[in-house]
Amino acid sequence: MSKRTIRPTRPVRKSGSWKGILFFFLFGMLLFVLFRDKPKTILPPASPYIAELYRDGKVIEEKEFDSFDQAKAFVGQQRGAVQRTTDERYLYLTGSGIGIADAPETLNIYADRTLKKRLTYVAPGSRLSLLTYGEQASRIEIAGLTGYVDSDRLTPYPLERSSNRSYYETRGDRLLHYIVADAGLGGLITAGQAPSSAPERTTTYVESKTLTKNLRQPTDLTAKQLDAYIKKNAPDSPLIGTGKTFKQVERDHKVNAAYLLAHAIHESNYGRSEIARDKFNLFGVNATDIAPGQNATAYTSFEDSIRKTGKFIAQDYLAEDGKYYRGAFLGNKARGMNVFYASDPYWSEKIAGILLKMNAV
């Protein structure tokens, strides 16, 4: 029997898997990205303070500093400011600017730098003209009043960084006021009858003739005319028919009925506001800025609100021996009712505009 030699076959060559190769390639790239040396940051972090210098209403130089004192010394008495970079708050200003009353409380205005004798107050969000900024107290002007405020309660801005500003404009016999403010205090309003000397347009304060009208003098408008004005401007107003009540309060307490109605219209939106619906409160009595609905005084009816508030205003605001008397007129933040009645610095102007539209000036 012949023997047959069995020869081993050649091993089969297997081609590599493309998926495997791709996996190891990507895995390698990932390791490279993770463990390679990261490049250094191109821009260093901003310094804590930036000093700005201004000229002709423009920024001419900006320089960074590690300390506030260094930045302040750089500005010195030149026209400029120092800003903290963490919150972009200005901590030092030379010259005039704009100051915003910080929330949530009203901002008190005082007679001098000691901040002891309070003159009046303004609502959060009000924008004041900043005359001199100090680290403790700042000198300001708003609505005809010049005084001092706690600098910690004020967010200051140099004029060079304030592009939008309030202004007055005359149109015929009307004085218009474009108010820049926060918290719903701003907008374009009719501020009353324009004085004869009013410029066509200005950013400085202008007092309308309506603001000095004696509120103890009766109006020539009758009860029917008052009701007609309400019906014309707000046909759904629940105040229609209250004209006789306003006129009765005018006779009983010597307070102008047209003014009282204009006051009620402004504060209650013709009796349709939430406080008016819930509490019959037409005049915002005790409706504080922090909790207006909760703290507002409640009345039994709209007529009850008109009678009681009319008497209260006549005694406490319009009588010379009244607790809040500063003049028997709407006024502003320096004199008149607006000194203590409302935190809105232009509350009186908004009522004056309604009086002008009523032809009751």
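Start with the salt bridges: the structure holds 13, each a side-chain nitrogen of Lys or Arg within 4 Å of a carboxyl oxygen of Asp or Glu. This is a predicted model, in which local features need pLDDT of at least 70, side-chain atom pairs count only at pLDDT 80 or more, and totals for chains, interfaces and linings use all residues. Residues are numbered from 1 along each chain as its sequence is written, and side-chain values use heavy atoms, leaving out hydrogens and water.

Select Glu52 and Arg161. Their closest N and O atoms are 3.1 Å apart. Glu52 lies in strand β1 (residues 49-55) and Arg161 in the loop between β11 (154-158) and β12, so the pair ties together parts 109 residues apart in sequence. Strands (E, at least two residues) and helices (H or I, at least four) are DSSP runs, numbered from the N terminus. Glu52 is buried at 2% relative accessible area; Arg161, at 38%, is partly exposed. Buried means under 20%, exposed over 50%, partly exposed in between (1.4 Å probe, protein chains only).

Next, select Arg84 and Asp87. The closest N and O atoms of this salt bridge are 2.8 Å apart. Arg84 is partly exposed at 26%, and Asp87 is partly exposed at 41%.

Move to helix α8. Here Lys308 and Asp304 sit four residues apart, about one turn of the helix. Their salt bridge has its closest N and O atoms 3.4 Å apart. Asp304 is buried, at 12%.

Finish at Asn338, in the loop between α8 (302-318) and α9 (347-357). Asn338 is buried, at 0% relative accessibility. Among the residues that Asn338 touches are Thr120, Leu330 and Trp347, where contact means heavy atoms within 4.5 Å.

Conventions:
Lists of a residue's contacts leave out its neighbours within four places in sequence.
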